[in-house]
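Hi,

Here is the structure I promised to pass on.

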Amino acid sequence: MRAAGRRTSVLKSGVKRLLGRAGFDIVRSTNNLGGVDDFLPFEATVQAARAAGLSVGDYIDEVMNGTPGATQSTIDELRVLGVFAANPNTALEIGPGSGRYLEKTLKECSPDRYEIYETAAPWANYLVDTFNVVAQPTAGCSLAPTPDGSIDLVQAHKVFNTVTFLYASRYFFEMARVTRPGGRIVFDVMTETCLDPAAVRAWATQGGAGHDSYPAAMPRRTCVDLFATLGCSLEAGFLAPMGVASTEVLVFRKVA
Ligand SMILES: C[S@@+](CC[C@H](N)C(=O)[O-])C[C@H]1O[C@@H](n2cnc3c(N)ncnc32)[C@H](O)[C@@H]1O
């Protein structure tokens, strides 16, 4: 076992050296308790986007993922559902990463305060500098610095399919706590709606490379029932592309 562990670590550092030579600076989350590892090289991505004349978000969609318009299509769905029409004055995003949803959210509405909880420090710093958002201390799955009932729009995209069940569910309680009555909670999870046999086969045969904890599934019913007990009712759900299949975006309104 120990020899195997040493071999894995030698292999990992070899890969890092090679990628380093190729100009990629692999960034490890500063607090990687959620199991997301080495997800996106900061410097290399920002430089490549600049060279392509694209925003970082559009560069990731168009060039890295080969899915132009993917982020925008989720934002368009949220607009149609009226998520931005209420002009949220305070927003909070968990795991914004490169900021591709954050950037497009700020084109739809102009909150006075936009808090982020992001474990990858280089990306969090970049988002603070670029979009004037507030980076909160991020230690796992707590939103403790944010007061109860203080946020109009709470969102997380492509985060809860990369962390463990416990991290996602602890964040769910926190999301409901910080949302003000009438506010919206938007996040995606890989529910049973996304997991027909063809999708399971696609993930099993082509998916998941590089992240042990990705993609993590979460039952839809679990989310709907849990949020109902927290005073949040499901308004809508729609599918969005993710990896080799899809994820389900759920939109809740905090009623009480
Ligand atoms: C797959 S990326 C998605 C990034 C972005 N939302 C997007 O869709 O482009 C997951 C993000 O969640 C962040 N993350 C991982 N664990 C986290 C945690 N426990 N709390 C907050 N953010 C976390 C990662 O650093 C990364 O930025």
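The ligand is surrounded by 22 residues, the closest being Arg100, Glu118, Gly140, His157 and Tyr171 (a residue counts as near if one of its heavy atoms lies within 4 Å). This is a predicted model, with pLDDT of at least 70 required for local features and 80 or more for side-chain atom pairs, while totals for chains, interfaces and linings use all residues. Numbering runs from 1 along each chain as its sequence is written, and side-chain values use heavy atoms, leaving out hydrogens and water.

By type, the shell around the ligand holds eleven nonpolar, eight polar and three charged residues (nonpolar: Ala, Val, Leu, Ile, Met, Phe, Trp, Tyr, Cys and Pro; charged: Asp, Glu, Lys and Arg; polar: the others, Gly among them). Helices H5 (100-108) and H7 (165-178) each give at least two residues to this shell (helices are DSSP runs of H or I, at least four residues, numbered from the N terminus). Domain 1 (2-64) and domain 2 (70-254) both contribute to the shell, so the ligand lies between them; the domain bounds come from an automatic or database assignment.

- Glu118: a polar side-chain atom lies 2.5 Å from a ligand oxygen atom.
- Tyr171: a side-chain N or O atom is 2.6 Å from a ligand nitrogen atom.
- Gly140: a backbone N or O atom sits 2.8 Å from a ligand nitrogen atom.

The protein covers 93% of the 590 Å² of accessible area that the ligand has on its own (Shrake-Rupley method, 1.4 Å probe).

Best wishes

Notes:
A polar contact is a pair of N or O atoms within 3.5 Å; within protein, one must be able to donate a hydrogen and the other to accept it, and residues adjacent in sequence count only if both atoms are side-chain atoms.
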